Amino acid sequence: MSICPKNKSSKGHRDARRANWKMSAPALVKCSNCGELMVPHRVCKACGSYNKKEIVKVEA
């Protein structure tokens, strides 16, 4: 059996609950090695480095 609501939720309560469900822009930082925008705490896709160390070899 599913849960039954005791009282009707008004349109204002319903819409206020749904107002916070939205997309947010991804956090981006500059790569310390090449200056390209990247997701923090990940290997840079442009140069393959993390924390100024080469982790992955990137083909040009």
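A: A contact here means heavy atoms within 4.5 Å. With that in hand, among contacts in the protein between residues at least 6 apart in sequence, 0% join residues at least 24 apart.

Q: And what kind of model is it?
A: This is a predicted model, in which local features need pLDDT of at least 70 and side-chain atom pairs count only at pLDDT 80 or more, while totals for chains, interfaces and linings use all residues. Residues are numbered from 1 along each chain as its sequence is written, and side-chain values use heavy atoms, with hydrogens and water left out.

Q: How many helices and strands are in the protein, and in what order do the elements run?
A: The protein has one helix and four strands, and from the N terminus the order is α-β-β-β-β. Helices (H or I, at least four residues) and strands (E, at least two) are DSSP runs, numbered from the N terminus.

Q: Is the protein spread out or compact?
A: The protein is more spread out than a compact globule, because its radius of gyration is 22 Å, well over the 10 Å that the globule rule gives for 60 residues. That radius is taken over C-alpha atoms, and the rule is 2.2 Å times the number of residues to the power 0.38. Along the principal axes, the C-alpha atoms fill a box of roughly 60 × 25 × 20 Å.

Q: What share of the residues counts as buried?
A: Of the 60 residues, 8% count as buried, where buried means under 20% relative accessible area, exposed means over 50%, and partly exposed is in between (1.4 Å probe, protein chains only). The protein exposes about 6200 Å², with carbon and sulfur atoms supplying 55% of that area; the areas come from the Shrake-Rupley method with a 1.4 Å probe, and for residues only the protein chains shown count as cover.

Q: Where does S49 sit, and what does S49 touch?
A: S49 lies in strand 3 (residues 49-50), and at 3% relative accessibility S49 counts as buried. Not counting residues up to four places away in sequence, S49 touches C31, N33, V43, C44, E54 and I55.

Q: Going back along the chain, what about V29?
A: V29 is in strand 1 and is partly exposed, with a relative accessible area of 37%. Leaving aside neighbours within four places in sequence, V29 is in contact with E36, L37, M38 and P40. The C-alpha atoms of V29 and G48, 19 residues apart along the chain, are separated by 15 Å.

Q: You mentioned E36; where is E36 found?
A: E36 is in the loop between strand 1 (29-30) and strand 2 (37-38), and E36 is partly exposed at 44% relative accessible area. Beyond its neighbours within four places in sequence, E36 contacts V29, K30, C31, C44 and A46. Between E36 and A46, ten residues apart along the chain, the C-alpha separation is 6.9 Å.

Q: Changing topic, how many positive and negative side chains are there?
A: There are 13 positive and 4 negative side chains, and the centres of the two sets lie 18 Å apart. Lys and Arg count as positive and Asp and Glu as negative, while His and the chain ends are not counted; each charge is placed at NZ of Lys, CZ of Arg, CG of Asp or CD of Glu.

Q: Which residue forms a salt bridge with R14?
A: Side chains of opposite charge can pair when their charged atoms come close. D15 forms a salt bridge with R14, the closest N and O atoms being 3.0 Å apart. The rule asks for a side-chain nitrogen of Lys or Arg within 4 Å of a carboxyl oxygen of Asp or Glu, and by this rule the count comes to one. D15 is partly exposed at 40% relative accessibility, and R14 is partly exposed at 30%.
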